[in-house]
Amino acid sequence: MTADGNHIGTLGSADYFGEIALLRDVPRTATVTAKTEVELFALDRDEFLSAVTGHAASAEAADAVVASRLSGLRPGVASL
């Protein structure tokens, strides 16, 4: 993953990305580029929000993931 041209992380098998844009309705915060062939599964925003925010524990877990990922980005993005 890159943000502002800087490497900010590496994803592996069963990892995910794009949740910040879906949860906060903002433009993406990073770019993901595959180094090998991948199988990508995508959800539209409404389906994702329904699945994640419809249960208090999963909504709390999603917020924790967003906070963790944003903490590694530039300061202006961390307040999303």
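Reader: What do the buried residues of H3 pack against?

Author: Keep in mind that this is a predicted model. In it, the buried residues of H3 pack against helix H1 (19-24) and helix H2 (45-53).

Reader: Which residues of H3 are called buried, and what makes them so?

Author: They are Ala59, Ala62, Val66 and Leu70. Buried means under 20% relative accessible area, so each of these four falls below that cut-off.

Reader: How do you know that the buried residues of H3 line one face?

Author: Look down the axis of H3: its buried residues fall within an arc of 65 degrees, so they line one face of the helix. Residues three or four places apart point the same way because an α-helix has 3.6 residues a turn. Turned away from the buried side of H3 are the exposed residues Glu60, Ser68 and Ser71.

Reader: What is the span of H3, and what is it set against?

Author: H3 covers residues 56-71, 16 residues in all, and reaches 23 Å from first C-alpha to last. That is close to the 22 Å expected at 1.5 Å a residue.

Reader: What makes up the largest nonpolar core?

Author: It has 10 residues, among them Ile20, Phe48, Leu49 and Val66.

Definitions and conventions
Residues numbered from 1 in each chain as written. Predicted model: local features only at pLDDT ≥ 70, side-chain atom pairs only at ≥ 80, totals over all residues. Heavy atoms only, no water. Helix = DSSP H or I, 4+ residues; strand = E, 2+ residues; numbered from the N terminus. Expected span 1.5 Å × (residues − 1). Buried < 20%, exposed > 50% of the residue type's maximum accessible area, 1.4 Å probe, protein only. Arc of directions from axis to C-beta. Contact = heavy atoms within 4.5 Å. Core = buried A, V, L, I, M, F, W, Y, C linked by side-chain atoms within 4.5 Å.
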